[in-house]
Amino acid sequence: MRFFSPVPLLLAALSVSCLAQSPLKLIPIPRELQAGTSQPLSQGIQITCASPCAPDDSFAVEDLKSYLISQGINISSTAPVNILVARYGSPISRSILTDASPGKQSQADFPADMKAEGYAIIPDGKGLAITAASGSGIFYGLQTVKQLVTGYGTTATLHTATIRDWPAMEYRGLSDDLSRGPFPTLEFQKKQIRVMAAYKINIYSPYFEHTMQYTGHPLMAPPGASLSQAEARELVAYASKYHITVIPEQEAFGHLHYLLNWEKYAPLAETPHGQVLAPGQPDARKLTHDMFNELAGIFPGPFLHLGADETVELGKGQTKAEVDSKGLGTVYLGFLQQIVAELQPLHRKLLFWGDIAYKEPDLLKQLPESFKKATIAVPWEYNPHPEGFDRYIKPFTDAGFETWVAPGINNWSRVYPNWNNGLDNIQRFTADGQKLGATGQLDTIWNDDGEALANADWYGILFGAEAAWHKGTASIPNFQSSYGEKFHGDATGKIDEAQREMMAAHKLLKDSPYKVDGQDLLFWQDPWNADGQRIAGLIRPILSELRMHAERALVLVAEARAANPNLREIDALDVLELGARRMDLIGLKFQISDEIAASYAHAYALQTSKNHDDRLEVSRELNSINAVNGKLQDLRNNYSLLRDLYEQAWLKSYRPYFLRNNLERYDFTVQMWLSRIDRMRTAQRQWANSQTLPPASEVGIPSPVVATQ
């Protein structure tokens, strides 16, 4: 810094820790970073915003103060360590930029690539100094400062660094499914905004099929699971302070099943009680017009999202003759053009999913320029593809569309998200998008079976932030070694290891002859029925290893908690533990089922023996199956415990709506094992009364596993 005299600078430098620094762990990793020394915060910290301090900058400073206070750090105007914030334009800010620049070359102006959201940070001998040319830049610079502080209370440390940083992609977003059951509380959505902003995400896109309230269509939204217009306005205003634009996605073509179930809207459906609008129905366009005109009055941002994905019923009902005559792509794109044309008076760019249109590259090139300029294509694909994602992206970029890419975190329909799929998909799809000129990324969350818990998703959300901010291919190993410390405050690395254990459990199942990862369906699968017995034969060799991965995750989280009582984001750790318990129970129930089958078969074979020890063995085998500590009780108890833990986790983020559906699955499963306890008790009474046992098939117990040579 040129505005400090060298003597105070030297003295200050001598007063701080000058130990060699390990590489800094930051999410996202800054574009240019050189680690400096560390300064203890035992005497607190002060934060100064150079005058004139813009309202945006003042908010960012207060946000930083609130975070530091939450970490037990004293904010004091007399503290020896200072964070200086200076919006670009003053001599001080110019000096900060110069000292942060390669070779400390003087800059004529703030670099063009950095102006919108970039920032510069330098060590100034007193702490850190930050400058940026925009409110977003100052805000993001101070989010990085949060991550440069480690530890808690008087043991906290500020790690200084020289940084110049700016994003690779202009739009970095999260698409959040609010229509498949779980519906967040407004307070949790605000938490999502805060967390996303802390990792430099600038788009939040709530996904609506039927869960936005419209005054013109009051039948649409279910009670207790919809966003009111007042709540939406409050959320928009809240997000704006954190430099996040809210883009509502209202399905305008497909995925309208809940609405089309109403008799009033039945004529609009392509097929009876289906989910796709029939393009030939004038009232279908009127519905879209009504919804988006209301949305435009609530969400003031420059974008609206039409959805329009997975229109699988198109051409199967009312439009069959037209599709047979003109082709599916022509009819699909024709209706999309009508929607876009009718919404042009709103003066918004309209996003649409690309899964249908990418199959029609020639038609895309032939579309009018007015349509291309009015829209943004968003190709999506959620699986890993080692060969890359060009085939999903190029049909749009080659046709001249602005394009965003939409990877997925792979949270849906699983006992815990599968980060093997999620991280690889996010990394490669985003990097390929950058390579082909995509201007944005929309990381996606889906709740397909309605069981997913929002606090399980942060790992994938944060890696999406990393990939979109990072130029080129984001490093998965670097992220995996940083997440626990940056998100949870865990310096031991145990939370990072716990996440990897859950990945290993998913991979073990996926690589087995079963060929499916840790799905909810496997968690609910009855191991005694024919399908359960088939699956048992496929996964039996890996059950012990599967459980060891899950249990290792539980131990690691417990050790991390014990090592640091001030860990952050405890709700997310609770859900990680719940996911590990659910994964472990998958293995346990198949193991126990085999043991029950073997025990009953052994008891049944001994029932005619007159040997006293054999008769005692029959009773022992039966009691191992059904008694105070019986194996049937183990399954009942585990599902009952997880039911309660699941309910607690749900209510940490969601409204009560739809919870009953999921708890009924637990209750049904508990009742299933209770009924088997009762049937087994009847068999035990028969043994006590007549010294005979019913066949296993009458009790419902499967045949024992036959050993193979």
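Mentor: Start with a cut-off. Buried means under 20% relative accessible area, exposed means over 50%, and partly exposed lies in between. Keep in mind that this is a predicted model.

Trainee: Why is Cys-53 called partly exposed?

Mentor: Its relative accessible area is 32%.

Trainee: What makes Cys-49 partly exposed?

Mentor: Cys-49 has 22% relative accessibility. Buried would need a value under 20%, so Cys-49 is called partly exposed.

Trainee: How do you know that Cys-49 and Cys-53 form a disulfide?

Mentor: Their sulfur atoms are 2.1 Å apart. The rule asks for cysteine sulfur atoms within 2.5 Å, so the pair qualifies. By this rule the count comes to 1 disulfide. The link of Cys-49 and Cys-53 is right-handed, with 95 degrees about the S-S bond.

Trainee: What joins Ser-51 and Pro-52?

Mentor: A cis peptide bond, with omega about -5 degrees. Pro-52 sits in the loop between β2 (46-49) and α2 (55-70). Another cis peptide bond joins Ile-27 and Pro-28, with omega about -10 degrees. Pro-28 belongs to the loop between α1 (6-14) and β1 (32-40). Most peptide bonds are trans.

Trainee: What is the phi of His-273?

Mentor: Near 50 degrees, a positive value in a residue other than glycine. Most residues other than glycine have a negative phi. His-273 lies in the loop between α8 (257-260) and α9 (282-298). Its relative accessible area is 45%, so it is partly exposed.

Trainee: Why is Phe-658 called partly exposed?

Mentor: Phe-658 has a relative accessible area of 22%.

Trainee: How many helices and strands does the protein chain have?

Mentor: It has 26 helices and 16 strands.

Trainee: Why is the protein chain called as compact as a globular protein of that length?

Mentor: Its radius of gyration is 29 Å. For 709 residues the globule rule gives 27 Å. The two values are close, so the description holds. Of the 709 residues, 59% count as buried. The C-alpha trace spans about 100 × 75 × 45 Å along its principal axes.

Notes:
Residues are numbered from 1 along each chain as its sequence is written. This is a predicted model: local features need pLDDT of at least 70, side-chain atom pairs count only at pLDDT 80 or more; totals for chains, interfaces and linings use all residues. Side-chain values use heavy atoms; hydrogens and water are left out. Buried means under 20% relative accessible area, exposed over 50%, partly exposed in between (1.4 Å probe, protein chains only). Helices (H or I, at least four residues) and strands (E, at least two) are DSSP runs, numbered from the N terminus. The radius of gyration is taken over C-alpha atoms; the globule rule is 2.2 Å times the number of residues to the power 0.38.
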